[in-house]
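Trainee: Please take a close look at one part of this model for me. I would like to understand its salt bridges.

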Amino acid sequence: MTMASIQTPVVVEEKGRLSIPEKLLDGLDPEWVELWEKHGSSMVRADELSLEEYRKSPATYSFTYPTCPGPSVFHVEDIEIPVSQPAGKIMIRVYTPAGPGPFPVHLNFHGGGWVLGNLNSEAAWCRHMCNKAQIKVIDVDYRLAPEFPYPTSIYDSWDAVKWTIANASTLNVDPSSVSIGGLSAGGQMTAVMAHFARDEGIDLKLQLIIVPATDMRYCLRARELNETSCPYQSVLLYHDAPWGPLGREQWFLKYWLGDDDATQEKILTKEWICTPVLAPSFKNLAKAHIITAEFDLERDEGEYYGQLMQEAGNEVTMKRYPGVPHAFGHFNHPERGLSQSFVYIEDTSRILRQVHFDKSEE
């Protein structure tokens, strides 16, 4: 989404109905407080209406004020590729830096709860990575639910990884220098695909797991949310945060997994590719970097997933960004963004340079 396409959020009669409650203000980033109160607190969130209604005017129901297209890069190309489960085609967007190549390559899987998002969602971040890390970045437009429900998005994304490696010569990329990553839903899929890569003998330089959903069993609508049913303190603290409450996660799962409680429970409690903390083995996974946000209900499950990988002997680094909400990485407008978003851009580009060029920390 470009700045030109951004519309004014829907304003309800009671201004500030989504204002930040007093109990959450302590430690919250003042920049985020200002942005939310000015541009988010009087809007209608996507999860407060049906997906059909949302799709009539996506920009109207999205808190997109601080986003931007991002910097120019040397070359951008869209390529249609085949996918297998079910058979079809998806689009990828390839960002290429100047130079002869072959280039290292990072594949990005955008956020949006497996229901929302597209190749514009994280274009600015992809462009920054291309320029700052001097690598090719491939953004993957996997198919979305409910038209393509779980687990289509996961297998679309994995097909994109394998297609990239198989077509390395044509793409002018180094098939021995591949990393993967994603934010939120994309982080969940990245975690799953690292297991696929290990099992299929594909060596990845990095799995960059950003504010991931690794254990959503607490989202089951039939379960009462309490310390017994949910081991994650961040969920108990922030389940009613106005920018990303538990109901928003349940809204996504309704479309991704289906609107049947029994089906949701079966998938969430039995199938590890939906709930990665249940994976049968955490041994011999690719190097990982996990990013979490302090004021995000998904914070603790992401850090627990990192702990599971560490305990299995994997190389894992983690960073929790203070004072910010779940999708803080999206707020990267040069004049109206969050400082922590720019720290995130510098951090991730540095990490990608390090893993692909074997450079020590600068």
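Mentor: Here is a walk through the salt bridges, pair by pair. This is a predicted model, where local features need pLDDT of at least 70, side-chain atom pairs count only at pLDDT 80 or more, and totals for chains, interfaces and linings use all residues. Residues are numbered from 1 along each chain as its sequence is written, and side-chain values use heavy atoms, with hydrogens and water left out.

The structure holds 21 salt bridges (a side-chain nitrogen of Lys or Arg within 4 Å of a carboxyl oxygen of Asp or Glu).

Start with Lys132 and Glu346. Their side chains meet at 2.8 Å, N to O. Lys132 lies in helix H4 (residues 123–133) and Glu346 in helix H12 (residues 339–357), so the pair ties together parts 214 residues apart in sequence. Helices here are DSSP runs (H or I, at least four residues), as are strands (E, at least two), numbered from the N terminus. Lys132 is partly exposed, at 31% relative accessible area. Glu346 is partly exposed too, at 39%. Buried means under 20% relative accessible area, exposed over 50%, and partly exposed in between (1.4 Å probe, protein chains only).

Next, Lys287 bridges to Glu315 at 3.6 Å, N to O. Lys287 sits in the loop between helix H10 (261–270) and strand E7 (288–295). Glu315 sits in the loop between helix H11 (299–311) and strand E8 (316–325). The two are 28 residues apart.

Then Lys89 meets Glu80 at 3.8 Å, N to O. Lys89 is exposed, at 56%. Glu80 is partly exposed, at 49%.

Finally, salt bridges link Arg17, Arg45, Asp47, Glu48 and Arg248 in a network.
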